[in-house]
Amino acid sequence: AAARSVMDREAVRRALLNLLRNAIQVAPAESSVEITVETDGSLARVRVLDRGPGVEPEFAERAFDPFVTTRSDGIGLGLALVRRVAGEHGGWAKLESRDGGGAVATLEIRVAAGEEEST
């Protein structure tokens with residue numbers, strides 16, 4: 001899909017909420033979920049880090065495919081939405097294991113000039 005010239009804020013919000021919800025659901029009760037945001041010119045990179053069970057490399061490759069899930073109550077569309085939103089915004093999404101245990105979900109998108117500072 002071609003990258004949008006203007007960021008679809010609602011789609012990006014839903015994608016970020018999916019990443020955050022996934023991290024909260026797998027994180028141990030007494031742990032925290034971290035969110036980092038970096039910008040580099042027209043790129044924004046958001047990472048959601050948890051201390052859950054981590055992710056097997058084989059699953060990380062398929063995690064963004066529709067209907068792939070590890071949860072018994074999941075339907076496997078959350079990460080598929082994240083990947084679609086990333087692609088629509090000229091970016092990418094990735095899921096990988098975190099050093100020390102847990103996982104890191106990364107969403108990188110292109111943002112239009114001037115959108116980095118707005119809320």
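This briefing covers the sheet, the helices packed on it and the salt bridges of one predicted model. Local features need pLDDT of at least 70 and side-chain atom pairs count only at pLDDT 80 or more, while totals for chains, interfaces and linings use all residues. Residues are numbered from 1 along each chain as its sequence is written, and side-chain values use heavy atoms, with hydrogens and water left out.

**Sheet**

- The open sheet is formed by 4 strands in the order S1-S2-S4-S3, with antiparallel pairing; strands (E, at least two residues) and helices (H or I, at least four residues) are DSSP runs numbered from the N terminus.
- Two strands pair if DSSP finds at least two bridges between them.
- Strand S1 (34–40) and strand S3 (92–97) are the edge strands, each pairing on one side only.
- On average, neighbouring strands of this sheet are turned by 15 degrees against each other, direction ignored; axes are lines fitted to C-alpha atoms, for helices over the stretch in contact, and angles run from 0 to 180 degrees between N-to-C directions.
- Antiparallel pairing over 8 bridges connects strand S2 (residues 43–50) with strand S4 (residues 103–110).
- Leucine 43 has arginine 110 as its bridge partner in S4.

**Helices on the sheet**

- H1 lies across S1, S2 and S4 and runs at about 20 degrees to S2.
- Helix H3 (residues 78–88) packs on the sheet and touches S3 and S4, where contact means heavy atoms within 4.5 Å.
- The direction of H3 makes about 135 degrees with that of S3.

**Salt bridges**

- The count comes to 8 salt bridges, each being a side-chain nitrogen of Lys or Arg within 4 Å of a carboxyl oxygen of Asp or Glu.
- Arginine 13 and glutamate 10 form a salt bridge with the closest N and O atoms 2.7 Å apart; both residues lie in helix H1 (residues 9–26), 3 residues apart, or about one turn of the helix.
- Arginine 13 has 42% relative accessibility and so counts as partly exposed, where buried means under 20% relative accessible area, exposed over 50% and partly exposed in between (1.4 Å probe, protein chains only).
- Glutamate 10 is also partly exposed, at 37%.
- Arginine 45 and glutamate 38 meet through their side chains in a salt bridge of 2.9 Å, N to O; arginine 45 is partly exposed at 23%, and glutamate 38 is partly exposed at 37%.
- Glutamate 96 and lysine 94 form a salt bridge with the closest N and O atoms 3.8 Å apart; glutamate 96 is partly exposed at 30%, and lysine 94 is partly exposed at 36%.
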